[in-house]
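Morning, everyone. Let me put the model on the screen, and then we'll walk through it.

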Amino acid sequence: MTDTGPILKSLSDARSIVLGDPSQYSVVVQGVLPLIGANSPLELRRWGADFLAETFASPVVSAEEKQKLSLLILDTLRGYFNRKDDLGEEDDSAVIKSAVQCAASIYPLIFRHTISSPNDSPEVWRKMAGIKSAILRSMDTAAAGVRICCVKFVSRVVQVQTPGLIADPRRPEHNEISLALVPRDHPVLQPSQLEAEASGLLDRLLGVLQDDSVEALSVTATLNSLSILVQRRASIATKVLLTVLNYNPLRLAMAGVAAMSGKDRIALKSMTRTTISFLLNVLKRNPNHALAARLQQRVEQLRHSLVSVYADSGSHKRPAPDEPTDGLDNNKRIRVDSETTNGTTPMQQHPQPTVWPPPLPPGPLSIAQLFTLSADRASIGFHVEQIPQPIVQQLVPPLLRSIDQKKFNDAITAIQYRLLSLAQRPPVSALQAAQAVMGEDEDDDYDPEAGLGTGRDQVMNRLDQLPPENQVEEVALAPFELEASPPLNDYELEQYGKVAVLRVFGTLAELDGDMKMGRRVDEERSFNKLGLGGHGHEREGWITLLTRLATRSTFDLDERNSSIKQENDDRTVTAKNHSFSLADKIRASLLDYVMADFRHRIDVAIAWLNEEWYTDRLAYSYRHPESSAKPSMTEGNLPNYTTHCLRTLELLTTYLDVKDGRYLIRFLSEIPELDASVLERVKKLADDPERVQMATQALLYLIMLRPPVREVCIDAAEALWRSNEDAKGSAAKILAKWRPGLLGQDSVGGKKEDATGMKIEAGPSEISA
Amino acid sequence: MDHSGTESQQNTRQRPGEPDAGAGSGGSGGFKLKFCTVCASNNNRSMEAHLRLTTAPSPYPTISFGTGSLVRLPGPSISQPNVYHFNSTSYAAMYNELAAKDQRLYRANGILPMLERNKGVKWGPERWQDWQVGVPRAEYKTDKGYMGTEAGTVDIVITCEERCWDAVIDDLLTRGSPLNRPVHVFNVDIKDNHEEALVGGKAILELADALNGAAAEEREAWGQKTGGGMNGFDSGHAGARAGFDERVPDILAEWQEKWPTLPALWTLAWF
């Protein structure tokens with residue numbers, strides 16, 4: 001081997017020059033290249049590789065200068081990587097390490113050169129690609145030191161080959177080097193291909209984390225090289241972050257801390273802390289990050305796990321500082337809490353008070369007081385029955401076993417002593433006892449009443465004492481009878497009735513408010529679950545209650561004061577005979593309520609009318625138990641239903657707007673029964689030219705989907721067709737389908753196409769009918 | 001090449017005192033890792049370690065920094081610290097100011113002796129966050145341990161407190177590693193007082209020796225291998241075969257066993 005000493009000396013002198021004067025770099029780099037090539041002695045190669053890495057990393061050399069120089073060194077770099085092919089031996093890992101660093105630095109420069117001068121670039125880019133594939137090849141097999149540099153190189157390639165931000169399209173030299181600079185029709189660089197390669201390389205990078213690797217060197221090197229990608233490459237930032245979030249640096253601890261070697265402990269702590277630093281750094285740079293909450297949570301989680309992993313290995317914990325760090329950090333001083341020591345109360349530490357046994361309070365005593373030896377108010381106040389029985393059963397045997405014999409004897413002696421001293425007390429008079437109880441006895445855990453009645457016995461006959469609860473029976477109370485209030489007169493009755501109705505509807509209004517506010521109605525508060533099985537909202541329950549109050553509650557109260565009131569009794573007369581009837585009041589209010597907002601409350605009207613109909617029917621069958629005929633509107637057997645149905649419809653029709661057809665249709669289709677009188681109101685609607693459409697649509701709907709009333713409806717349509725000029729057209733359409741003979745008689749069949757059109761429309765109804 | 005060679009020859013003649021200290025240059029036996037020590041104020045712990053590393057039997061290229069926002073030295077009471085700016089206040093200026101304020105107090109609490117020591121190591125405290133990695137440090141020629149750090153990079157960073165380690169890692173992550181240069185960042189938790197700083201300095205020097213030993217072995221092993229032909233491949237012992245970077249966790253674990261009261265932490269970061 002040649003003596004490299006003098007050459008090295010002059011090389012380091014050259015380095016001193018460029019460090020002092022960066023403008024000399026181009027001269028010096030070109031000068032040293034022949035000396036440090038792949039065929040030079042090891043020492044020179046090492047120096048050369050280090051020097052090249054240093055040069056292209058140096059912040060004092062401009063990017064343009066570096067870009068020019070980078071073209072010159074490509075061959076030298078390639079020589080280092082291809083030494084095995086060229087000379088039959090791999091190069092020194094120190095050389096390769098520096099060469100990979102250098103390659104990472106020049107990769108973006110070569111990339112930009114290739115973009116800007118595509119003509120001479122194929123060759124340059126091919127060389128760079130050769131270096132890249134050599135590095136990627138050795139990534140899995142090389143020595144660890146080289147491997148981590150490969151990780152960095154790959155991260156740099158990913159950064160370059162992923163689109164970045166274009167800060168200023170007019171000045172490309174100021175933009176960050178990224179895939180975004182490559183024109184789509186570049187002869188050498190194909191953006192899609194490069195991006196795909198970057199994506200694959202990123203996966204390769206993240207593989208270390210996805211496998212939860214325990215090799216601290218690669219893990220920390222990867223994490224620390226990913227930061228720039230999260231910072232600068234929005235398109236892949238989320239992927240990187242999610243991978244880091246899912247990475248578990250604590251896998252080493254799975255076997256338990258005890259099983260870990262010193263190296264593993266340090267590796268675990270280092271990997272976890274690096275992960276935390278990485279996540280915190282992302283969070284710090286962008287506190288409003290979309291994943292901020294998850295980042296924060298993961299950091300807390302890792303910190304917590306780290307603490308718990310090391311909790312039992314005291315030797316590795318940092319001892320509490322015995323003086324303030326920096327001489328001024330107050331927070332770092334130990335906080336000495338005089339109140340508590342290791343989390344127990346003073347009472348627990350000193351179970352026996354200073355005076356033993358604690359003196360008994362003067363005056364009459366309860367058994368509890370007699371046997372209470374503790375002075376701790378909390379434990380005195382605790383009622384043992386609060387503990388569930390199974391737990392008591394578990395607790396008692398070990399407790400009995402663990403009783404300290406000496407303490408137990410002490411306790412027995414103490415109670416004996418108390419009993420003796422009590423026996424020596426002078427008998428207490430009942431008056432004194434009462435005074436003691438009524439007076440300033442603060443900790444009265446017994447019933448004053450009991451004391452009043454039995455104070456004397458308590459003292460005189462202690463062992464016969466009974467707990468206060470059992471003595472309550474002695475003071476048995478006679479049943480208390482409230483005086484009956486004077487009967488209400490009619491006026492009062494009416495007023496109270498009005499108030500009652502007002503309040504009932506007031507509650508409904510509140511519930512409506514709740515619904516609007518979107519508040520969840522507390523189901524437990526709902527006491528009325530009529531017909532809802534307890535699943536409905538309170539409002540629905542309330543409406544059911546209201547409708548039933550209106551239809552079923554008060555009928556025949558006045559009529560028949562019989563002891564057993566039959567539901568659904570004759571109720572035809574209720575409303576009429578009296579100046580005031582609660583049911584009618586509610587009905588009127590219900591109607592007002594519905595009309596106040598009929599679009600939203602049409603369901604209330606329908607529910608109410610259904611109730612009316614049902615009750616009317618029940619009443620009918622009650623009155624005519626022998627009759628098997630069903631009551632109907634036409635026969636006038638449904639008095640309440642008919643009245644209110646027509647009334648509601650009349651009111652409704654006054655409010656209905658042109659666009660409210662569906663409310664009318666809903667109403668007509670859901671009320672339990674309708675007849676010609678109802679349809680009369682519908683026909684009346686058609687008097688208004690604007691609402692003709694609505695009326696005929698409603699009729700058509702009923703004809704199609706409500707077969708029982710089909711005939712009546714067709715009659716109504718026919719009546720319209722005959723009498724109403726405005727409605728003639730649309731009524732004809734209905735008739736064309738449903739009563740074709742009529743049109744044939746009357747007109748000259750000019751409606752043929754209409755008739756066919758109708759047919760198509762009516763198709764589904766035939767199926768459903 | 002000849003041209004630049006003569007130029008450097010001339011240059012050498014102009015500065016004959018400067019020894020061979022190129023990046024990784026010199027014989028493999030003389031290989032030195034470059035170190036950087038970091039604490040909060042770049043006064044006590046990092047400076048003690050700086051001194052130890054640069055005055056060892058085989059001194060290491062060393063620079064040192066603080067991660068705090070300001071240099072804080074204890075004052076007459078806990079709420080009245082003496083506060084100085086980084087990078088622009090020299091240890092000598094601090095020394096003079098405090099000596100004028102209350103010589104007795106600051107001598108008794110060890111601040112003046114500490115500043116005196118620091119004056120001998122370098123000009124003044126430097127802030128980590130203001131350090132431009134890779135910019136030549138020609139203006140720091142008089143600092144102890146300058147040789148080898150002239151290019152403004154190091155191989156190893158050793159912080160003296162976990163929050164300094166956090167600050168360094170956070171700063172490196174934010175910088176986005178433009179130099180593509182790996183750096184091992186260690187933390188050795190040392191309490192901020194003079195006694196502990198002395199102990200910590202000794203421990204850090206031991207760690208540095210162990211690390212440097214491994215790095216030198218790696219380089220030498222390769223030399224033997226190439227020197228001894230293909231058979232020499234097996235002659236390097238197992239530890240050396242593993243490579244320096246790979247051995248760092250082992251070295252640290254070994255060191256930690258010896259210094260259990262100085263909890264250690266480590267990561268491989270990038271400049």
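Start with helix α2 of chain B, residues 45–54. This helix is mostly covered: 10 of its 10 residues are buried. Buried means 20 or more other C-beta atoms within 10 Å of the residue's own, exposed means 12 or fewer, partly exposed lies in between, and C-beta atoms are placed from the backbone. Among the buried ones are B:Arg45, B:Glu48 and B:Arg52, along with B:Met47, B:Leu51 and B:Leu53. Helices are DSSP runs of H or I, at least four residues, strands are runs of E, at least two, and both are numbered from the N terminus.

A word on the source. This is a predicted model, where local features need pLDDT of at least 70 and side-chain atom pairs count only at pLDDT 80 or more, while totals for chains, interfaces and linings use all residues. Residues are numbered from 1 along each chain as its sequence is written, with chains lettered from A and ligands numbered from 1 in the order in which they are written.

Now the sheet. Chain B has an open sheet of 5 strands, order β2-β1-β5-β6-β7, with mixed pairing. Pairing takes at least two DSSP bridges between two strands. β2 (62–66) and β7 (264–270) of chain B are the edge strands, each pairing on one side only. From one strand to the next, the twist averages 20 degrees. Inside the sheet, β5 (156–159) and β6 (182–188) of chain B run parallel over 4 bridges. There, B:Ile158 stands opposite B:Phe186 of β6(B).

What packs on the sheet? α10(A) does, touching β6 and β7 of chain B, at about 50 degrees to β7(B). So does α2(B), touching β1 (35–39), β2 and β5 of chain B, at about 180 degrees to β2(B). Angles run from 0 to 180 degrees between N-to-C directions, and axes are lines fitted to C-alpha atoms, for helices over the stretch in contact. Contact means C-beta atoms, placed from the backbone, within 7 Å.

On to the contact between the chains. Chain A gives 74 residues and chain B gives 66. On the chain A side, α12(A) has the largest share, 13 residues. That side divides into 32 nonpolar, 26 polar and 16 charged. Nonpolar is Ala, Val, Leu, Ile, Met, Phe, Trp, Tyr, Cys and Pro; charged is Asp, Glu, Lys and Arg; the others, Gly among them, are polar.

Last stop, B:Ala93. B:Ala93 sits in helix α3 of chain B, residues 91–108. With 15 other C-beta atoms within 10 Å, B:Ala93 is partly exposed.

How values were computed: Two residues are in contact if their C-beta atoms, placed from the backbone, lie within 7 Å.
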